[in-house]
Structures are given as C-alpha cells and as structure tokens.
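Open the model in your viewer and keep the selection panel at hand. The tour goes from the core to the sheet, then to a pair of helices.

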Amino acid sequence: MDLNIRNITQTDLPAVVGLLREFAAFESLSEYCTVTGERLNTAMFSDNAVVEGLIALDGETPVAYALYYPNFSSFRGQRGIHIDDIYIKDEYRKQGVGEAMLREIARVAFSRGLERIDFNVLEWNTPALKFYEKHGAVCNEEERHFKFLTQLLKNWQGSEF
C-alpha cells in the first residue's frame, strides 16, 4: 500500500462525498445522507467554513476520510477537536489507516495547543469501539447525543424564547 494522508481539497470533494455515502450505508443511515459536493464545499471552503478534513489515498485511490471541527468543553475549559467521521473502506481496514488518520488529527490538535479530541461511536459498532479503546479513548456512558433538526429551527425563527 502506498498510503498518503493529506488535507482534503476542493477537487477531492466528489471522492469524499462517495466515501460519505459508503459510510452512511455501512451505518444503515443512507436515508439520512443528503450531503452534496456543494454543501460540503460550503462547510469546508467558504468564508464561514466550519469543517476540516483529511483524505487517505493508496496511490491515487481514495480509501478513507476524516472530518472534524473545533469544540470546547465549558466545565473543563478545554479546547479541542470533534471528529465527526473517520471512515476507511472495508478492504483497507486493519492495515493501519485508521491509526494513521487518528495520529494526524492528534498532530493537528497538538500543534494548535488543543487539549482533547471528542467523537461519537454507535453502540453496535464493536470494531470501532475496540479500536478507540485500544488507542486509549475513554467512553462516557452517562452522556447522550441530542440534536435539533432543521424543521424545528425553522419553526423557532420569529418566535420568542
């Protein structure tokens, strides 16, 4: 394998969207995967960009990606990175790609003086859970992931809180 990990560029977006769709299928979440190259471009490369990412290539073949963004833990006063996704194509798993991606994100965090890396893993994804635990991650079983969906946010516009 001729592995190269680098920052995602705008020309990588079609490949990243393809990998995102593979990841959604892997997690049985394809019906929720509505990302487009245009939306990803806005999130990553517009004046108000909020997301950064890495792509892993075997030669010229995209085999993995990671998307992450800044976060903050108020109680601890710690700045960090939240990893939204790390996805490795099935045939490239257990070959060190995930660890290389994680190390690169850690390098980015350390170079910026950040103190933590946060992420979520689905309960049934035992291989991912074991991977992160093997590398020293700690799971907080007490927290639950919540979200507000766009329709609710639209309903709130113009209303008083």
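Start with A64, I81, I86, V97, M101 and I105: these have the most contacts inside the largest nonpolar core, a set of 20 residues. Such a core joins buried Ala, Val, Leu, Ile, Met, Phe, Trp, Tyr and Cys residues through side-chain atoms within 4.5 Å; buried means under 20% relative accessible area with a 1.4 Å probe, protein chains only. β2, β3, β4 (78–88), α3 (97–111) and α4 (126–134) each give two or more residues to this core. α3 provides the largest share, six residues.

This is a predicted model: local features need pLDDT of at least 70, side-chain atom pairs count only at pLDDT 80 or more, and totals for chains, interfaces and linings use all residues. Residues are numbered from 1 along each chain as its sequence is written, and side-chain values use heavy atoms, without hydrogens and water.

Select V97 next. Leaving aside residues up to four places away in sequence, V97 touches M1, L3, A56, A64, I88 and Y92 (contact: heavy atoms within 4.5 Å). Apart from this core lies another, of 16 residues, including L13, L19, L20 and Y87.

Now show the strands (DSSP E runs of at least two residues; helices are H or I runs of at least four). Five form an open sheet, ordered β1-β2-β3-β4-β5, with mixed pairing. β1 (3–7) and β5 (116–119) are at the edges with a single partner strand each, so one side of each has no neighbour in the sheet.

Finish on α1 (13–26) and α2 (37–45). L13, V16, V17 and L20 of α1 meet G37, L40, N41, M44 and F45 of α2.

Notes:
Axes fitted to C-alpha atoms, helices over the stretch in contact; angles between N-to-C directions. Pairing = 2+ DSSP bridges. Buried < 20%, exposed > 50% of the residue type's maximum accessible area, 1.4 Å probe, protein only.
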